[in-house]
Amino acid sequence: MNRGQLVEKILDIKREKGWTWKHITEEIGGMSPILVVGALLGQMKLPKSLAEKAASLFGLSEVEKRMLNEVPARGAPMPPTDPLLYRFYELVMVNGPALKALIEEEFGDGIMSAIDFDLAIERLPDPKGDRVKLTMSGKFLPYKYYGAIGNAQTYGYKEE
């Protein structure tokens, strides 16, 4: 069995049992529902204790449980073809340059971590149609100016 086959098995069981992702993530617990669902969809690694809970919930074998605890090959072909995923891609293509400029102006020369990162999703009622609110919080990681000597700045933090 490979990771893709395990994902299909998990999705088949989810359908068969009529479970929601909310039910599944509450049963497994231990970390953000986004990370738990991401792991069950093959994009993240579950810690051993959570892989144990997931394996018990889905009736997985020992090998399948271990697979949930392995670091996966992450990502998908670009650009995405699924309309919802494409909108995220479009959001970054259109707004990315402005976000980059604003982050660099505020923090300096660096990046926002997608590893030391928090992500939350929320439904906001709205009379014109409910809204999806995503909150992202990533650690700022400045570029290191290696070889800097004397009074030269060593990291790309914003200069005052």
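This is a dialogue on reading features of a predicted model.

Student: Which conventions apply?

Tutor: The model is predicted, so local features need pLDDT of at least 70 and side-chain atom pairs count only at pLDDT 80 or more, while totals for chains, interfaces and linings use all residues. Residues are numbered from 1 along each chain as its sequence is written, and side-chain values use heavy atoms, with hydrogens and water left out.

Student: Which residues of helix α4 are buried?

Tutor: Helices (H or I, at least four residues) and strands (E, at least two) are DSSP runs, numbered from the N terminus. Buried means under 20% relative accessible area, exposed over 50%, and partly exposed in between, with a 1.4 Å probe and protein chains only. In α4, residues 48-58, the buried ones are L50, A51, A54, A55, L57 and F58. Down the axis of α4 these fall within an arc of 165°, so they line one face of the helix; the arc is that of the directions from the helix axis to the C-beta atoms. The face turned away from the buried side carries exposed K48, S49 and S56.

Student: What covers the buried residues of α4?

Tutor: Contact means heavy atoms within 4.5 Å. The cover includes α1 (3-17), α2 (21-28), α3 (33-40) and α5 (62-68).

Student: Why does K53 count as partly exposed?

Tutor: K53, which lies in α4, counts as partly exposed because its relative accessibility is 43%. K53 touches E27 and I28, leaving aside residues up to four places away in sequence. The C-alpha atoms of K53 and I28 are separated by 5.6 Å, although the two residues are 25 apart along the chain.

Student: In which sense do strands β1 and β2 pair, parallel or antiparallel?

Tutor: Two strands pair if DSSP finds at least two bridges between them. Strand β1 (residues 110-124) and strand β2 (residues 131-142) are antiparallel, over 11 bridges. L124 stands opposite R131 in β2, and I121 stands opposite L134 in β2. The hairpin has 6 residues between the strands, and G129 there takes a positive phi near 130°.

Student: How is the largest pocket read, and what is its volume?

Tutor: Rolling a probe the size of a water molecule over the atoms shows where empty space is left. On a 1 Å grid over the protein atoms alone, a pocket is an open set of points where a 1.4 Å probe fits, with protein on both sides within 12 Å along at least five of seven lines; lining residues have an atom within 4 Å of a point. Grid points are joined across faces, edges and corners, and a volume is the space filled by probe spheres set on the points. Here the largest pocket has a volume of about 2500 Å³.

Student: What lines the largest pocket?

Tutor: The lining has 47 residues, of which F88, F117, L119, L134 and M136 lie nearest the centre. At least two lining residues come from each of α3, α6 (83-107), β1 and β2. By class there are 31 nonpolar, 7 polar and 9 charged residues. Ala, Val, Leu, Ile, Met, Phe, Trp, Tyr, Cys and Pro count as nonpolar, Asp, Glu, Lys and Arg as charged, and the others, Gly among them, as polar.
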